[in-house]
Amino acid sequence: MADTKKNQKAADTQVASSQNEDFILKYKNLIIGCVVALLVCVGGYFIWKSFTGGKQEQASTEMAKAQELFLTAMNTNDSVLFEKALNGDSINAGFLAIAEDYSSTKAGNLASLYAGICYASLGKMEEAAKYLDQFDTEDDALISPAALGRLGNAKAALGELDEAVSLLKKAAKKADNNSLSPLFLIQAGEILESQGKKAEALELYEQVKADYAEFQQFNQYMQGFNGIDNYIERCKE
């Protein structure tokens with residue numbers, strides 16, 4: 001009997017570990033399809049609106065080439081272009097230099113976010129977390145939730161699961177919309193499940209069902225996961 005319990009415990013631990021690995025793989029490139037899309041759409045206007053003369057204007061000008069490389073890298077998943085966007089070259093500055101040289105400007109702040117996404121795309125999660133955490137999320141209501149969610153994903157990949165859940169829940173609340181909010185809540189729920197915290201995960205899934213089930217964007221997303229009811233039933237088993 002003791003051996004049976006021991007074997008069962010070992011099996012449960014292995015399943016939890018596997019679930020966590022599956023989570024990381026499942027969401028590795030999700031930022032490309034959702035969060036980065038938001039950044040691309042909003043980023044240009046955000047920079048144009050924010051920079052008026054002086055150091056800000058100079059930073060905006062210098063960042064144009066890095067942004068161009070970033071967009072091409074995202075479309076092609078080209079690691080060389082991500083590196084160039086990060087580090088620049090002999091002519092153009094990269095996001096890292098801009099984030100350091102113009103840290104007091106909105107351009108420098110946004111460069112930190114770009115740098116974090118570049119590092120995440122390169123699989124360098126520690127560096128990604130550093131720059132995503134450096135980004136000031138209080139400045140823009142559209143990009144900030146996406147940045148918080150991406151930081152949560154980076155923390156999950158690093159195994160910092162409690163912090164990842166906290167960040168994803170904060171991102172969902174801050175986004176308060178029909179696409180990002182349910183996405184972040186589901187991610188947080190899956191992490192909680194991997195930790196064996198089914199009751200906490202169930203609360204998040206039920207929140208998703210109550211608040212977001214009627215919206216088309218959410219329904220399209222959920223079709224790939226067989227519906228939120230499956231998540232709820234799984235936690236009740």
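## Helix H9

Helix H9 covers residues 143–157. Its 15 residues reach 21 Å from the first C-alpha to the last. That is close to the 21 Å expected at 1.5 Å a residue. The helix is mostly covered, with 14 of its 15 residues buried. Just after H9 comes Gly-159, which takes a positive phi of about 85°.

## Overall fold

This is a predicted model. The protein has 14 helices and 0 strands. Read from the N terminus, the order of elements is α-α-α-α-α-α-α-α-α-α-α-α-α-α.

The protein has 237 residues, and 44% of them are buried. Take the contacts with a separation of 6 or more: 60% of these involve residues 24 or more positions apart. The accessible surface comes to about 12400 Å². Carbon and sulfur atoms account for 47% of that surface.

## The nonpolar core

The largest nonpolar core holds 65 residues. Four of its members touch the most other members: Met-63, Phe-70, Phe-95 and Leu-113. Helix H7 supplies the largest share of this core, with 10 residues.

Helix H7 spans residues 106–121. Ser-112 is found in this helix. Ser-112 counts as buried because its relative accessibility is 2%, under the 20% cut-off. What does Ser-112 contact, leaving aside its neighbours within four places in sequence? The partners are Ala-99, Tyr-131, Leu-132, Gln-134 and Phe-135.

## Aromatic pairs

A pair of aromatic rings is described by the distance of the centres and the angle of the planes. The count for this model comes to 5 aromatic pairs. One of them joins Phe-95 and Tyr-114. Their ring centres are 4.7 Å apart and their planes sit at 5°, so the pair is stacked. Phe-95 lies in helix H6 (residues 95–101) and Tyr-114 in helix H7, so the pair ties together parts that are 19 residues apart in sequence. Phe-95 is buried, with a relative accessible area of 0%. Tyr-114 also counts as buried, at 4% relative accessibility.

Another pair is formed by Tyr-205 and Tyr-231. It is edge-to-face, with 4.9 Å from centre to centre and 70° between the planes. Tyr-205 belongs to helix H12 (residues 198–212) and Tyr-231 to helix H14 (residues 228–236), so this pair links parts that are 26 residues apart in sequence. Tyr-205 is buried at 0% relative accessibility. Tyr-231 is buried too, with a relative accessible area of 3%.

## Cysteines

Cys-235 has a relative accessible area of 9%. Cys-235 is therefore buried as well, since that value is under 20%.

Methods
Residues numbered from 1 in each chain as written. Predicted model: local features only at pLDDT ≥ 70, side-chain atom pairs only at ≥ 80, totals over all residues. Heavy atoms only, no water. Buried < 20%, exposed > 50% of the residue type's maximum accessible area, 1.4 Å probe, protein only. Helix = DSSP H or I, 4+ residues; strand = E, 2+ residues; numbered from the N terminus. Contact = heavy atoms within 4.5 Å. Expected span 1.5 Å × (residues − 1). Core = buried A, V, L, I, M, F, W, Y, C linked by side-chain atoms within 4.5 Å. Areas by Shrake-Rupley, 256 points an atom, 1.4 Å probe, with all protein chains shown as cover. Phe/Tyr/Trp six-rings, centres within 6.5 Å; stacked < 30°, edge-to-face > 60°.
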